[in-house]
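I opened this entry to keep track of what I looked up. I began with helix packing and then turned to the core.

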Amino acid sequence: MTAPPILEAPAALPASSRNRRLLTVILTGQFMAILDVSIVNVASPVIRSDLGTSGSGLQLIISGYTIAYAMLLITGARLGGRYGGRPLFLTGLTVFTVASLACGLAASAGQLIAFRLLQGAGAALMVPQVLIMIQTNFEGAARARALSLYATVISGAAVIGQVLGGTLVSADLFGTAWRPVFLVNVPIGLALLVTGVRLLPSGGPRLHRPLDLPGLVTLSLAVSLLVVPLVLGHEQDWPLWGWVSMGVSVAFAGIFALVERRSAAPLVPARVLMAKGVIPSVLTVFGLMTCYGGYLFGLALHLQGALGDSPLRAGLTFVPAAAAFTVSSLNWRRVPERFRRPMVVSGLVVAALGYLGLALALSGGDHGQPLLWITQAVAGFGMGAVFSPVLTIALTHVAPEHASDASGLFVMVTQLGQVVGVATFGTLYLGGASMTAVGVVLAAATLVTAACALPLLRR
């Protein structure tokens, strides 16, 4: 007979000033992890010429981080629930920082690919602990505010990554070309390690359950078999192996479901999935981030390709969207509580209108300014009014002892949504569709996501 799980009593909540410092540490770690998804994109031409890598090798340099990150997120969350958010955050941060240094010093494409995989593994250990520590150290309005800042970091880091990457590559500091896009993480990571040792709480609920290795293996296979062809497929003109891989991924997803039904300690317990609002929230977050990832990638390609913008100018074009996302994400709590659930659906409708405006702005074959700036701000405002409220609604009904499971689920869905968005809308654009057509499809997909969010209207 299986022994019941042992729960340790949570430590007392820190003072408000300590909570602010805690939030600064963990969100800066989150910022670095998201930053590295986009900062390398603008450096890719210089990396290719400097290391003499092939097109597929370059794609692995860019996507290796995402593949390892997405594949190991659930594992990182489960380990955080078992051993505590503090040791896993610090371990992941150490691996991430060391791997960033190794990436910046890499002498060949093969080395850089290997170190990018290691960097993604470090991020997968670190990032799930952010939501775990928010869930277990913040309550009520403080938790809602922390989740707003969490959403703002996700949005801002993606845009800042493109701007910062273009700035560092253009500066060519001491003749280092692309290497600063990785080395910039090292001093930040070291500073976080020093402050994190002092500030991160060592307490919190821990659920001493088996690691469910069969579930980890089958889920990792299902995720990797899906993510690898999605990331590499458009570069290789969607070869047969990619379609076979995605088909096998579906099979492994079915095997994972069967394994979980028989597991004494499933990776995502039924109590989490059955908690009020979790399933429609998962679908909403996935759809939102799919459209967001496709929007960032497709518009960046259009600006630097068809319109001939420099990496820096292309990155700056996204500032109105990031600024509007920040404003709505940080202020949605001012909306009376009875309007917050409808705000999720209406925010998606507003984002869809922004994408339609984007399509109209670019239909003339030029930048379409100032309409382009206005429509991006509209889309960003709508998205910011969705992400934080959805997480708050979902996590309200998740018990603290299941925080690690909920964290892993939502972080993985967020990351996979962006990968699917890049693959889907990137392929659509690279396949010959105009950015106007892509904008229309983005709007339609966002409205479908709004339909998925309708069950949240039931209180």
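I started with helix H1 (residues 16-38) and H5, whose axes come within 10 Å and cross at roughly 145°. I took axes as lines fitted to C-alpha atoms, for helices over the stretch in contact, with angles from 0 to 180 degrees between N-to-C directions. Helices here are DSSP runs of H or I, at least four residues, numbered from the N terminus. This is a predicted model: local features need pLDDT of at least 70, side-chain atom pairs count only at pLDDT 80 or more, and totals for chains, interfaces and linings use all residues. Residues are numbered from 1 along each chain as its sequence is written, and side-chain values use heavy atoms, leaving out hydrogens and water.

I noted that H1 passes H5 in a left-handed crossing (the near helix is turned anticlockwise from the far one by less than a right angle). Gly 29, Ala 33 and Asp 36 of H1 make the contact with Arg 116, Gln 119, Ala 123 and Met 126 of H5. Contact means heavy atoms within 4.5 Å. I sorted these residues into three nonpolar, two polar and two charged. Ala, Val, Leu, Ile, Met, Phe, Trp, Tyr, Cys and Pro count as nonpolar, Asp, Glu, Lys and Arg as charged, and the others, Gly among them, as polar.

Next I checked H4 (residues 85-105) against H5 (residues 109-126). Their axes come within 7 Å and cross at roughly 160°. That makes H4 roughly antiparallel to H5 (an angle over 145 degrees). This crossing is left-handed too. In H4, the residues that meet H5 include Leu 88, Phe 89 and Phe 96. The H4 and H5 contact divides into 14 nonpolar, five polar and one charged.

Then I asked which residues touch the most other members of the largest nonpolar core. They are Ile 26, Tyr 69, Phe 89, Tyr 150, Tyr 295 and Phe 387, out of 110 residues. Such a core is a set of buried Ala, Val, Leu, Ile, Met, Phe, Trp, Tyr and Cys residues joined through side-chain atoms within 4.5 Å. Apart from it lies another core, of 20 residues, among them Ile 47 and Phe 182.

Last, I followed Leu 358, found in helix H16 (residues 340-361). Leu 358 is buried, with a relative accessible area of 2% (buried means under 20%, with a 1.4 Å probe and protein chains only). Leaving aside neighbours within four places in sequence, Leu 358 is in contact with Tyr 295, Leu 299, Leu 372, Thr 375, Gln 376 and Met 435.

Definitions and conventions: Helices (H or I, at least four residues) and strands (E, at least two) are DSSP runs, numbered from the N terminus. Angles under 35 degrees count as roughly parallel, over 145 as roughly antiparallel, 65 to 115 as roughly perpendicular and the rest as oblique. Buried means under 20% relative accessible area, exposed over 50%, partly exposed in between (1.4 Å probe, protein chains only).
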